[in-house]
Amino acid sequence: TFGEMGIDLVAGGRVKKGHRTEPASQDVYIRLLVKLYRFLARRTGSRFNEIILARLFMSRINRAPLSISAISRHMKGKEGKTAVLVGSVTDDVRMLEVPKLSICCLRITESARARIVKAGGEVITLDQLALRAPTGKNTVLLRGKRTAREAVRHFGAAGVPGSHVKPYVRSKGRKFERARGRRQSRGYKN
């Protein structure tokens with residue numbers, strides 16, 4: 001009967017939940033932020049703090065960077081609010097005019113910080129944000145695009161009809177992977 005069935009520990013035992021409960025990083029600053037936001041998530045009951053805490057646990061690949069141009073695009077029409085990003089903020093040399101921005105992030109490049117401060121904006125850390133907005137009032141929570149990494153272009157099966165996966169090729173020349181899948185006369189053209 002099912003009542004007497006146990007857990008087959010040899011076959012793998014109990015199924016663990018697949019999410020992180022603490023950061024893999026030993027960085028003391030991230031660990032301190034985790035302590036702070038764990039407390040805030042518990043005591044305020046704010047969804048904002050729960051999300052920040054979950055993102056602090058994430059690996060670096062999942063904490064994708066965001067440029068100041070992308071932030072300014074997201075913050076259009078949201079003046080007076082603080083952009084919150086659990087990750088890095090980078091500079092964008094293609095952007096000539098930087099608007100006045102209030103940004104809260106884990107890290108920021110020197111050039112990006114200089115340009116934001118010069119435009120009359122401010123850059124604060126997540127612990128400063130906790131004092132200013134303990135429940136996430138007047139903030140806009142942003143995150144970078146995870147799939148922007150070049151490595152993601154190689155995910156999937158390259159050379160299969162209908163797929164647009166980038167193959168790992170030694171060189172992009174005349175002699176390299178130019179026949180099957182690249183021309184109609186040799187099988188198919190993708």
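**Terms and the values behind them**

Mentor: Please bear in mind that this is a predicted model. Let us begin with helix α1, where V28, L32, K35, R42 and R43 are exposed on one side.

Trainee: Which residues of α1 are buried?

Mentor: I30, L33, V34, Y37, L40 and A41 are the buried residues of α1. They cover an arc of only 135° around the axis, and therefore they lie on the same side of α1.

Trainee: Why is V34 called buried?

Mentor: The term requires a relative accessibility under 20%. V34 has 5%, so V34 counts as buried. This residue belongs to helix α1.

Trainee: Which residues is V34 in contact with, leaving aside its neighbours within four places in sequence?

Mentor: The contacts of V34, apart from those neighbours, are P23, L53, L56 and F57; the criterion is heavy atoms within 4.5 Å.

Trainee: How do you know that the length of α1 is close to what is expected?

Mentor: Helix α1 spans residues 28–44, which is 17 residues. From its first C-alpha to its last it reaches 24 Å, and the expectation at 1.5 Å a residue is also 24 Å.

Trainee: What makes D27 a cap of α1?

Mentor: A side-chain oxygen of D27 lies 2.8 Å from the backbone nitrogen of Y29. The limit for a polar contact is 3.5 Å, so D27 is said to cap the N-terminal end of α1. After the helix comes G45, with a positive phi near 70°.

Trainee: What covers the buried residues of α1?

Mentor: The cover includes α2 (47–56), β3 (102–108) and α5 (126–132).

Trainee: Which residues of α2 are buried, and what caps its N-terminal end?

Mentor: In α2 the buried residues are F48, N49, I52, L53, R55 and L56. Their arc around the axis is only 165°, which places them on the same side of α2. Their cover includes α1, β2, β3, α5 and β5. The cap is S46, with a side-chain oxygen 3.2 Å from the backbone nitrogen of F48.

Trainee: Why does L129 count as buried?

Mentor: The cut-off is again 20%. L129 has a relative accessibility of 1%, so L129 counts as buried. This residue lies in helix α5. Leaving aside neighbours within four places in sequence, its contacts include Y37, F48, V84 and C104. L129 and C105 are 24 residues apart in sequence, with 9.5 Å between their C-alpha atoms.

Trainee: Why is strand β2 described as largely enclosed?

Mentor: Strand β2 covers residues 82–90, and eight of its nine residues are buried; therefore it is largely enclosed by the rest of the structure.

Trainee: What makes up the right-handed β-α-β unit?

Mentor: The unit is formed by β1, helix α3 (residues 68–74) and β2.

Trainee: What places the buried residues of α4 on the same side?

Mentor: In helix α4 (residues 110–118), A112, R115 and I116 are buried. The arc they cover around the axis is only 100°, so they are on the same side of α4. E110 and K118 are exposed on the other side. The buried residues of α4 pack against α3, β2, β3 and β4 (122–124). Just after α4, G120 has a positive phi of about 90°.

Methods. Residues are numbered from 1 along each chain as its sequence is written. This is a predicted model: local features need pLDDT of at least 70, side-chain atom pairs count only at pLDDT 80 or more; totals for chains, interfaces and linings use all residues. Side-chain values use heavy atoms; hydrogens and water are left out. Helices (H or I, at least four residues) and strands (E, at least two) are DSSP runs, numbered from the N terminus. The expected span of a helix is 1.5 Å times one less than its number of residues. Buried means under 20% relative accessible area, exposed over 50%, partly exposed in between (1.4 Å probe, protein chains only). The arc is that of the directions from the helix axis to the C-beta atoms. A polar contact is a pair of N or O atoms within 3.5 Å; within protein, one must be able to donate a hydrogen and the other to accept it, and residues adjacent in sequence count only if both atoms are side-chain atoms. A crossover is right-handed if, with the strands pointing away from the viewer, the path from the first strand over the helix to the second runs clockwise.
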